[in-house]
Amino acid sequence: MTLPRIAIPEPTSTDEAYNQRSLPQYIHAVAASGGTAVPIPLHATAVEWARILASCSGILLPGSPADVDPARYGEERAKETAARDEAREAVDELLLQGALDQGKPVLGICYGLQSLNVWRRGTLIQDLPHADAAIAGMVNHQPGREVQKAHPILLTAGSRLSHLVNGVGEESAGLFVNSSHHQAIGRPGQELAIAATSPEDRVVEALEGSDPNRFVVAVQWHPERMFRFQLEQTPASLAIRNRFIEAIKASKSAQS
């Protein structure tokens with residue numbers, strides 16, 4: 001049986017060492033859940049991007065060292081905001097529009113969450129440490145890549161994500177995630193709902209599409225990094241990846 005093909009943009013067009021370090025984790029995580037990752041070179045042409053998208057049944061938007069251009073959500077750039085990556089933004093927009101038009105499941109991770117939200121006309125908090133007093137400094141959202149239990153999250157009752165996690169027997173109150181971000185969701189975009197928050201400072205940790213018939217889930221943490229820590233993989237991170245692949249298979253069956 002042919003494994004479902006998942007389009008994954010290279011994380012960045014400006015730092016090949018970053019790509020070599022991070023992209024294999026996404027590829028291995030997809031393979032472990034029964035899919036085939038198809039990396040999209042950011043320096044390819046729009047025609048090549050579209051050709052790769054046409055050959056894939058799902059979209060995974062990975063993390064990135066870049067930040068989404070604040071001008072896209074009507075703000076001036078803060079000094080703490082990293083440079084934009086125009087090629088990555090262009091690929092993400094093409095993939096997200098293609099996923100919408102063709103009903104392809106979407107999974108966003110970290111920058112992928114933020115990219116999805118801005119594409120849906122939402123906004124971002126440009127730098128958590130310099131946010132308003134109700135947020136700044138309450139939780140360390142950048143404890144380092146090796147910290148696998150950075151802080152707890154609170155799942156939104158009735159959300160797709162809560163059903164997914166409860167389905168693998170993991171209690172919401174004891175659910176911890178890794179964390180590696182300085183930006184966060186400000187206003188959720190159109191047709192996106194908050195699926196999880198950090199309970200202490202209410203920072204949004206996950207969004208999902210409002211259409212129950214389409215798999216659109218994006219998380220602020222990094223479930224793909226758990227692949228390097230086989231003994232510490234949480235059922236929730238595994239379930240997110242596995243359900244994404246299951247949704248792609250179901251979508252393919254419905255279209256055939």
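Tutor: Two strands pair if DSSP finds at least two bridges between them. Keep that in mind for the sheet here.

Student: OK! So which way do β4 and β12 run, and how many bridges join them?

Tutor: β4 (106-109) and β12 (residues 216-219) run parallel, with 4 bridges between them. In that pairing, Gly-108 stands opposite Ala-218 of β12. Strands (E, at least two residues) and helices (H or I, at least four) are DSSP runs, numbered from the N terminus.

Student: Is this predicted or experimental, and how are residues numbered?

Tutor: The model is predicted, so local features need pLDDT of at least 70 and side-chain atom pairs pLDDT 80 or more, while totals for chains, interfaces and linings use all residues. Numbering starts from 1 along each chain as its sequence is written, and side-chain values use heavy atoms, without hydrogens and water.

Student: Back to the sheet: what's the strand order?

Tutor: The order is β2-β1-β3-β4-β12-β11-β10-β7, in an open sheet of 8 strands with mixed pairing. β2 (36-40) and β7 (154-155) are the edge strands, each pairing on one side only.

Student: New topic. Which residues lie nearest the centre of the largest pocket?

Tutor: Ser-64, Pro-65, Cys-110, Ser-180 and His-181 do, out of 19 lining residues. Two helices, α1 (16-32) and α4 (111-119), each supply at least two residues of that lining. A pocket is an open set of 1 Å grid points over the protein atoms alone, with protein on both sides within 12 Å along at least five of seven lines; lining residues have an atom within 4 Å of a point.

Student: Which elements line the largest cavity with two or more residues?

Tutor: α1, β4 and α6 (235-255) do. The lining includes Tyr-26, Val-30, Leu-107, Ile-109, Arg-241 and Phe-244.

Methods. On a 1 Å grid over the protein atoms alone, a cavity is a set of points where a 1.4 Å probe fits but cannot get out, and a pocket is an open set with protein on both sides within 12 Å along at least five of seven lines; lining residues have an atom within 4 Å of a point.
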